[in-house]
Amino acid sequence: MLVGYDGTVHSAHAVEWAATEARLRRLPLKVVHSWRWPYPISHIDHEGAAIVRRMGEHVLDHGVSLAERVAPGTRIQRRLKDGPAYVALMAEGDDAELIVIGSHGQADLPVASTALQLPSRARSPVLVVRRPVAGHRRVVVGVDGSAGSDAALDFAFEQAALRGWSLLAVYGCWEPGAVPREELDLFHDDEKLKRVCGARLERAVAPFRVRYPQVDAWTSLVLDPPREALFDAADHADLVVVGKRGHGTVDPLLLGATSTAMLQHAPCSVAVVQPVLEEGGKE
């Protein structure tokens, strides 16, 4: 388990989530803080840089103390890094079960934001904590029949099982631009669209109901675009899980429009999960 901490309230919420997660999974937790010299390298002042680094050490100490309070007995590791936060987290979290970060609550996150860069590039699932757990005790997961949504279902069911929460699998099926040409006729017949997509939704969820029988799982088929369907469901959730459709470039839109929109505007925490790669590197 890996969590980034920068001393803000939002990153404190991330540490609380990650420490709880590490305790539930019985895994060690690594707390990372990345400090940066705030001026061009040509203007570096070595004495000043040493002061900034010591300030970073104090911030990291606070993050580690917070994790220890939330999850006493959990093995806590600490890493102080230099440079952009998302680079540090990727370097430390290449084999992490989960990377947890806070969101600074901005509605329009810049391209350089860690909350967009990290989910776009990381191999591990990335969970962006937007607020403390509100008490809904529900995970919402987006389903569309893709490899990404299968990975999202697996992660979402695991989260629900670990925390004793319920789960709602949502399929916003009104997405003509994302279906094969042979399925376009479905959008001229609402009842047929419901039958076909409803069956796809139930097939996708069925294996996870068997694997996690303790999870109270529901499905919802909505004749709306995926983003609208997930936003509506997120109002009554503590976590939304989506699969990643992008290709790991610097363009956050290549996360997929739905993932990007949820990271920017969802009222609750959001996890972005990579599809499982088959042998040979194909999804």
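**View 1. Seven residues of helix α8 are buried.** They are T258, S259, T260, A261, M262, L263 and Q264, where buried means under 20% relative accessible area, with exposed over 50% and partly exposed in between (1.4 Å probe, protein chains only). As α8 has nine residues, this helix is mostly covered. Helices (H or I, at least four residues) and strands (E, at least two) are DSSP runs, numbered from the N terminus. Among the elements covering the buried part of α8 are α4, α7 (226-234) and the strands β5 (126-129), β9 (239-243) and β10 (269-273). Please keep in mind that this is a predicted model: local features need pLDDT of at least 70, side-chain atom pairs count only at pLDDT 80 or more, and totals for chains, interfaces and linings use all residues. Residues are numbered from 1 along each chain as its sequence is written, and side-chain values use heavy atoms, leaving out hydrogens and water.

**View 2. Here α4 meets α8.** Helix α4 (residues 114-121) packs against α8 (residues 257-265) at an angle of about 145°, their axes 10 Å apart; axes are lines fitted to C-alpha atoms over the stretch in contact, and angles run from 0 to 180 degrees between N-to-C directions. A115, L116 and P119 of α4 make the contact with T260, L263 and Q264 of α8, contact meaning heavy atoms within 4.5 Å.

**View 3. V100 sits in the largest nonpolar core.** Such a core is a set of buried Ala, Val, Leu, Ile, Met, Phe, Trp, Tyr and Cys residues joined through side-chain atoms within 4.5 Å. A second, separate core of 31 residues includes L263.
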